[in-house]
Amino acid sequence: MSANVLYDAPGPKARVRNRIYSVAGTLVLLALVGAVIARLASQGQFAPAMWDIFNYAGIRQNILDGLLATLEVFALASVFSLAFAVLLAVGRLSEHRVVSAAATGFIELFRSIPLLITIFALWVGIADKLWADVLHLPGSLAISPMWALIIGLTIYNGCVQAEVLRAGINSVPKGQSEAAYALGMRKTQVMATVLIPQAVRSMLPTIISQLVVTLKDTSLGYIILFPEMLQTARLIASNVQVEGAYPYVPVIIVIGSIYLALCLALSSLATWIEKRGRRTKTGIAVHAAAEPAEDPTVLEQ
Amino acid sequence: MKLRKTAAVAVAVLALTATACGGKEGPAGDAGKMKPEGKNAPKLPEYEVAKDVKLDSPVLKKAQKRGKIVIGAKADQPYLGFEDQSTKERSGFDIEIAKMVAADLGFSKDQIVWKTVDSGARETAVSKGDVDLMIGTYTINDERKKQVGFAGPYYHAGASLLVRKDEKSITGPDSVKGKKVCSIVGSTPLQTIKQPKYGAKVTELAKYSDCVQQLLQKQVDAVTTDDAILKGYAAQNPKNLKVVGEPFSDEPYGIGLQKDDKVLRDALSDALEAHQKNGDYKKAYEATLGLSGSDYVDPPALERY
Amino acid sequence: MNVLLDNLALFREGFIGTVELTAASALLAMVLGVTIAGCRVSPVPPLRIFGTAWVTLLRNTPLTLLFLVAFFVIPEILFPGINSFLLAVLACGFYTSSFVCEAVRSGVNTVPLGQAEAARSLGMTFLQSMRMIVLPQATRTVVPPLSSIFIALTKNTAVAGAFDNVDLFNIAKVLSNDGYDILMIFFWITLAYLVITFTISGLFRLLERRLEVAR
């Protein structure tokens, strides 16, 4: 239902009223934004000296290093989480009850633990503890902050993406797999050549939306002190002193814009694929690009 | 259309950060303007790098194989452990101590890999082997000795209070009742000041510099931790900050290392002792912490165990 | 030493902290989310633009960054001395409000066209038809996604534990610093989160059942 069904095409009176609301609304919003800017400016946050710090090569290099660290973690975590997701999804759909139960249990467990807790536990050495003290295996599993972040993101997003994939696999018409079996294909072949490609295709927008979440969650590295973009930003904010004040606000604005730009670019990719998918006619609807919610609502179906 | 616009914005922002080359050189902000480069300014000592150090310490052997020693340090404490964000240079007393002992272990300052480790993460970083040594305002106490070993102490600090320059009501630990005092998670001065005797309301953040920012923003009324750290902040920002009151606790700083590595621990103590005797220690102090207004005091007696 | 028994008081404090943070943020997110959703479907263009901007901005910003904004920018804008709990609720509530808004909006979109048309033909204004016809019917479709949004919120409040709030993550950190076995800490903390998330999904399932009517 488009919004305009909710109200009449405005008559002369309503038009006048709407115009008044429009003007009033605009004014209130502008006043709010103006007040915020004025407040920050009065604290000297928009002083040229505060923003001059971004003119220094060292600072820029620093931000760039942070950005690259963020992108590196994001790239590795995306690839690993998608691979892991295929494994989990196939496991959950497996006909062996043990495998399917194990995959289901794993997915449900790690989806309900906050990612931050998983990352933190990995960072302080839960894997090593499990390895050496519980399983009594030789050697040790020391995990660096970067890998704690990557592994944590992989586990959590792998579970969510697995559920997305499963929904995609289930949405492929039954006839297709039946036809494939009739041709004498094996289970693995049906999965690999018929079901998963189509599931990925139809779920691509949702998968990318979840990747946006992955990208945002790389910022949790801040809490385990991995020098990604946010951590870098914070150090800049606290260590560069400008006329007795610290440029927290400018740094937050700049770093925020970079995150926003990255996420928007990724989200618009999802929307673009969704629109493109709608034009082509293959019989399987391309799933809507779900908003990057923490848990895509597709799971509830 | 909308898509293209978003993409354009994204590219613009990325380009902005990508133009790292071609900006101004040198340190940004106030640091660029107020370098005390007088003739009388104390100079940092140079340390002689030892050759062919042979010790039966697994950590050291690994470091020697690597050709680099990994040292954990603070990055946001002026005059103690500070990293300039535009030049990436580290400076401060802890940094000098690190260079000193690294030299005696056979590593030049170019062979040191610095790792920024915050207070709350020190035990984890040391016991897990993320860093070979931890030199960052690391107070020796029995609780921590259960998890890591300490060489030292190389400096004696005491908890104090940092307040805004115009603050009148807080004069020391006895006048913080009901005031908001900030420190970092799990720090000892915070536990002390929380006690009914002092009765402060506490705020716990991850870094001291966050506390300082909150103090400047009037979110909190005071920051408490070791006087050496606080004096550094006050010296860096004399217009807005000052340190008040007498120290109200004992904080002997040590070098953190793997718990059972007695060989390395003794070697570190020897290194500290040697540099205290040959005057490097004093010179390093005067060129770093000394600038923040703490007078030189003779180093505390080493505690070997 | 037993982590749970030794630190029962701490665990209780952390558990209550997480529940309080979740509840307060959920309330704020609901109020903001429904209001912004109203803006997004309203006849006044600036409000629509505002709604869209709100959702786009908050949905594409990492929560950790919002916490930095709450702790280092908000006090500059409003006034100093806001307590950490309130700042954490602001960060979590604002962040979640964008998801609530989208859930409500898609809920509104599922109400059959005829309903709104009928309301209009009865002479109802926008606010009246929203309040009496559309929103009550949208509620039914909004409940399931809201359940997962609030479960996500519960998990997100963990970030507050790193910013001067006592919650389950915070005590996990404290206990791990004290040298307790991370395996056991992880076990009990996970259990605590499971209790909260199961309660939420249970409550929502109950709500769903009560709202269930033939359509």
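1. Contacts along chain A. In this predicted model, contacts in chain A between residues at least 6 apart in sequence were examined, and 74% of them join residues at least 24 apart. Chain A has 301 residues, and buried residues make up 49% of them.

2. Elements of chain A. The secondary structure of chain A consists of eleven helices and zero strands. Read from the N terminus on, the order of elements is accordingly α-α-α-α-α-α-α-α-α-α-α.

3. A helix pair in chain A. Helix α3 (residues 57-92) of chain A and helix α7 (residues 145-171) of chain A have axes that come within 6 Å and cross at roughly 45°. Because of this angle, α3(A) is oblique to α7(A); angles under 35 degrees would instead count as roughly parallel, and those from 65 to 115 as roughly perpendicular. The crossing of α3(A) and α7(A) is right-handed. Sorted by class, the residues in the contact of α3(A) with α7(A) are 18 nonpolar, five polar and two charged.

4. The contact between chains A and C. Chain A contributes 53 residues to this contact, and chain C contributes 55 residues. On the side of chain A that touches chain C, the elements giving two or more residues are α1 (12-42), α5 (115-123), α6 (126-134) and α11 (248-279) of chain A. Of these, α11(A) supplies the largest share of that side, with ten residues. By class, the side of chain A that touches chain C comprises 33 nonpolar, twelve polar and eight charged residues.

5. An annotated region of chain C. An unreviewed UniProt entry carries the annotation "domain: ABC transmembrane type-1", which covers residues 15-204 of chain C. In the model, residues 15-204 of chain C are 82% helix and 0% strand. The C-alpha atoms at the ends of this stretch are 20 Å apart.

6. A helix of chain B. Is helix α8 (residues 208-216) of chain B largely enclosed or largely open? Eight of its nine residues are buried, so α8(B) is largely enclosed by the rest of the structure. A residue counts as buried here if 20 or more other C-beta atoms lie within 10 Å of its own. The buried residues of α8(B) are Tyr208(B), Ser209(B), Asp210(B), Cys211(B), Val212(B), Gln213(B), Gln214(B) and Leu215(B). Just after α8(B), the backbone of Lys218(B) adopts a positive phi of about 65°.

Key: Residues numbered from 1 in each chain as written. Chains lettered and ligands numbered in written order. Predicted model: local features only at pLDDT ≥ 70, side-chain atom pairs only at ≥ 80, totals over all residues. Axes fitted to C-alpha atoms, helices over the stretch in contact; angles between N-to-C directions. Helix = DSSP H or I, 4+ residues; strand = E, 2+ residues; numbered from the N terminus. Parallel < 35°, antiparallel > 145°, perpendicular 65-115°, else oblique. Left-handed = near helix turned anticlockwise from the far one by under 90°. Nonpolar A, V, L, I, M, F, W, Y, C, P; charged D, E, K, R; others polar. Buried ≥ 20, exposed ≤ 12 C-beta atoms within 10 Å, placed from the backbone. Contact = placed C-beta atoms within 7 Å. UniProt positions renumbered as here; feature names shortened; annotations may be inferred.
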